[in-house]
Amino acid sequence: MNCQEAQSNIMNYINHNLSNEQTKEFIEHIYSCPNCQDELEINYIVMVGLQQLDDGEILSVDFRKKLKEDMDMRYKEAVREEERSRSIRVILAAFLISLFLWILGKVLAFIV
Ligand SMILES: [Zn+2]
């Protein structure tokens, strides 16, 4: 993901509108790019701050820490989800191959 893509996804990230894969790529970019990190921070502070005012909550003092925690949590979750769906695909593929071999064996036994 490049800076342009990352910056156009900032609002989607804050509003939880990204897929696991997108979330992972987005956060990886943010971790490695101070410019986009600043951009995300500003947007995050504004959005979360407004929401907290709306809800009548007392404003969190440390937005930066909150954002970091939120990012770490969502990153781990996105990675975990991605691994889970990958292992499901592997298991499914293994199952289909053994099913195919089993059928092939039956067919060959029948023919021979
Ligand atoms: Zn960037």
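At what angle do helix α3 and helix α5 pack, and how far apart are their axes? In this predicted model, helix α3, formed by residues 20-32, packs against helix α5, formed by residues 63-111, at an angle of about 135°, and their axes are 9 Å apart. Helix α3 is therefore oblique to α5. The crossing in which α3 passes α5 is left-handed. As background, the angle between the axes and the distance between the axes describe two packed helices.

**The contact of α3 with α5**

On the α3 side, the residues in contact are N20, E21, T23, K24, I27 and I30. They meet M71, R74, Y75, A78, V79, E81 and E82 of α5. Sorted by class, this contact holds 6 nonpolar, 2 polar and 5 charged residues.

**The contact of α4 with α5**

Helix α5 also packs with α4, at an angle of about 105° and with the axes 10 Å apart. This angle falls in the range of 65 to 115 degrees, so α4 is roughly perpendicular to α5. From α4, the residues E41, Y44, I45 and V48 meet F63, R64 and L67 of α5. By class, the contact of α4 with α5 consists of 5 nonpolar and 2 charged residues, with no polar residue.

**The largest nonpolar core**

Which residues make up the largest nonpolar core? This core has 7 residues in all, namely A6, Y13, F26, I27, I30, C36 and L40. Helices α3 and α4 each supply at least two residues of the core, and α3 gives the most, with 3 residues. In general, nonpolar side chains tend to be buried together in soluble globular proteins. Two members of the core, I27 and I30, are also among the α3 residues that meet α5. Another member, A6, touches M1, F26, H29, I30, C33 and C36, when residues up to four places away in sequence are not counted.

Is H16 buried or exposed? H16 is exposed, because 8 other C-beta atoms lie within 10 Å, and a residue counts as exposed at 12 or fewer. H16 lies in the loop between α2, residues 10-14, and α3. The phi of H16 is near 60°, a positive value in a residue other than glycine. By way of comparison, most residues other than glycine have a negative phi. The loop between α2 and α3 also contains S19. S19 counts as exposed because it has 12 C-beta neighbours inside 10 Å.

**Residues in the helices**

In helix α5 lies R64, which counts as exposed because it has 12 C-beta neighbours inside 10 Å. R64 is also one of the α5 residues that α4 meets. Helix α5 contains E83 as well, and E83 is exposed because 11 other C-beta atoms lie within 10 Å. M47 belongs to helix α4. With 14 C-beta neighbours inside 10 Å, M47 counts as partly exposed.

**Separation in sequence and in space**

| Pair | Separation in sequence | C-alpha to C-alpha distance |
|---|---|---|
| R64 and I42 | 22 residues | 9.5 Å |
| M47 and M11 | 36 residues | 9.0 Å |
| S19 and M71 | 52 residues | 14 Å |
| E83 and E21 | 62 residues | 10 Å |

E21 of α3 and M71 of α5 are among the residues in the contact of α3 with α5, and R64 of α5 takes part in the contact with α4.

Key:
Residues numbered from 1 in each chain as written. Predicted model: local features only at pLDDT ≥ 70, side-chain atom pairs only at ≥ 80, totals over all residues. Axes fitted to C-alpha atoms, helices over the stretch in contact; angles between N-to-C directions. Helix = DSSP H or I, 4+ residues; strand = E, 2+ residues; numbered from the N terminus. Parallel < 35°, antiparallel > 145°, perpendicular 65-115°, else oblique. Left-handed = near helix turned anticlockwise from the far one by under 90°. Contact = placed C-beta atoms within 7 Å. Nonpolar A, V, L, I, M, F, W, Y, C, P; charged D, E, K, R; others polar. Core = buried A, V, L, I, M, F, W, Y, C linked by C-beta atoms within 7 Å. Buried ≥ 20, exposed ≤ 12 C-beta atoms within 10 Å, placed from the backbone.
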